[in-house]
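Welcome! Let's walk through this protein chain together, one feature at a time.

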Amino acid sequence: MRGGAAGEGKVAGEGFDPGEDAVAGEPTAEDGATGVEKWAGDGLDARGDEGRGDDVGSAGSPTDDDELLGRVFLTRVVEPGDETGGRWVRERGVAEVVRRLREGGRPLPGVSAKRWAGLRARAVRADPRRDLAVARAAGARFVTPGTSEWPGQLDDLGDARPLGLWVRGRPNLRVWALRSVAVVGARACTEYGAHMAATLAADLAERGWVVVSGGAYGIDGAAHRGALGAGGATAAVLACGVDRPYPPGHAKLISRIAEQGLVIGELPPGDHPTPSRFILRNRVIAALTRGTVVVEAAYRSGSLVTARAAQRLGRHTMGVPGPATSALSGGVHELLRGDGVLVGDAAEVVELVGDMGELPPDRRGPVLPTDLLEHRTRQVLAGLPARGSATAAEVARRAQTTPDDAIARLYELRALGYVERHGDGWKLTRQAMISVRGGRRTC
């Protein structure tokens with residue numbers, strides 16, 4: 001299992017003595033085998049079960065198995081989002097990187113001797129076949145780049161692309177990612193934020209969109225529950241092993257997501273989260289989805305990291321505004337002052353991330369009875385004083401029409417109950433006063 005603290009020293013395994021941590025019976029560099037040869041040909045195949053690979057990513061030929069085992073191995077050795085490791089894989093191939101890590105010798109380019117020693121210490125302890133078996137027992141599979149279930153949009157991350165993804169749940173990850181939206185925000189959210197996240201997620205789910213979030217407390221949890229409550233689709237991207245729900249208080253929620261949707265992670269079974277892994281996890285949420293909506297976020301919120309990653313990747317970035325007096329609105333409002341787009345409901349989100357023609361309805365206030373009047377008639381009505389009465393000539397002058405036209409329209413308004421005649425004067429009725437006031441904005 002990897003070191004728990006964030007930072008390069010812990011990530012790289014500095015100060016980590018492979019001799020002290022070597023486990024009896026596990027393969028070491030001194031055993032003589034190289035590459036993935038060490039894991040093949042002893043009964044349990046590369047997919048983690050005897051001849052059954054339906055639940056564990058791609059398989060088939062020995063080459064496919066070698067690639068799968070190599071990538072599983074690397075998830076134990078290289079931290080998520082490590083661009084140096086990603087460049088090694090791109091330039092040298094999985095098998096060569098695995099061989100160099102297991103054999104030792106001169107460090108690969110881009111790392112110090114101390115960091116190389118830390119990576120080697122992890123490599124000694126890595127057992128990909130065991131990880132696949134544990135994953136299968138937890139109902140998880142390992143999806144690798146180039147296979148039919150791999151979401152191609154993750155390739156936009158370049159060398160920071162995941163080496164593979166551990167996935168719990170029945171749906172096809174690639175298909176779900178094609179129509180997905182991220183809803184993220186503050187952990188310590190307000191009732192307003194939780195309500196907006198849940199409502200937004202439920203409405204998106206009802207429209208056939210997959211709601212993606214991080215499974216955390218606050219906005220993440222509200223978004224997942226909103227989608228689940230609507231009987232829709234949701235996916236949680238974790239910063240730990242998919243068999244180890246985090247936070248512990250969301251164990252039931254994450255189990256329910258795995259039953260009804262998908263639980264996704266880069267880290268192998270049993271691995272734990274760290275602050276740096278939460279930050280790096282956010283790039284996967286941003287890349288996997290067609291857009292990111294931020295609901296409540298302070299200036300230093302991790303959800304803004306997701307939004308900025310989405311912007312760098314060319315994805316849509318949206319924010320739900322909140323009270324200007326709330327500290328949890330500061331980060332969202334700053335996002336909206338930049339390239340973020342203000343949204344208030346699912347229809348406005350879909351207008352951005354959806355297909356051409358998926359437009360929200362026109363927004364307008366309530367229709368008042370006076371809105372149904374012909375324009376000239378409304379002008380005559382507006383020409384009557386709020387108190388007292390006025391002659392037809394006075395009304396005509398205010399409405400910019402002739403006295404005869406004003407009289408004709410005043411009789412029409414009387415028939416509708418808006419005005420009444422008193423001698424030579426005309427005045428508004430109580431009904432007209434209520435209707436006219438309803439259409440005016442007062443301070």
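## The chain as a whole

Of the contacts in the chain with a separation of 6 or more, 70% are between residues 24 or more positions apart; contact here means heavy atoms within 4.5 Å. The secondary structure comes to 19 helices and twelve strands. Helices (H or I, at least four residues) and strands (E, at least two) are DSSP runs, numbered from the N terminus.

Buried residues make up 52% of the 443 residues in the chain, where buried means under 20% relative accessible area, exposed over 50%, and partly exposed in between (1.4 Å probe, protein chains only). The accessible surface of the chain is about 20,400 Å², and 50% of that belongs to carbon and sulfur atoms. Such areas come from the Shrake-Rupley method with a 1.4 Å probe, and for residues only the protein chains shown count as cover.

## About the model

This is a predicted model, in which local features need pLDDT of at least 70, side-chain atom pairs count only at pLDDT 80 or more, and totals for chains, interfaces and linings use all residues. Residues are numbered from 1 along each chain as its sequence is written, and side-chain values use heavy atoms, with hydrogens and water left out.

## Helix 9 and helix 10

Find helix 9 (residues 191-206) and then helix 10 (residues 219-229). The two pack at an angle of about 35°, with their axes 7 Å apart. Axes are lines fitted to C-alpha atoms, for helices over the stretch in contact, and angles run from 0 to 180 degrees between N-to-C directions.

Ala, Val, Leu, Ile, Met, Phe, Trp, Tyr, Cys and Pro count as nonpolar, Asp, Glu, Lys and Arg as charged, and the others, Gly among them, as polar.

## Helix 9 and helix 15

Helix 9 also meets helix 15 (residues 346-353), and their axes come within 9 Å and cross at roughly 55°. These two helices are therefore oblique to each other (under 35 degrees counts as roughly parallel, over 145 as roughly antiparallel, 65 to 115 as roughly perpendicular and the rest as oblique). Leu200, Asp203 and Leu204 in helix 9 meet Ala346, Val349 and Val350 in helix 15. That contact divides into five nonpolar residues, no polar and one charged.

## A buried threonine

Thr274 sits in the loop between strand 6 (262-265) and helix 12 (275-288). With a relative accessible area of 3%, Thr274 is buried. Its C-alpha atom is separated by 8.3 Å from that of Cys240, 34 residues apart along the chain.
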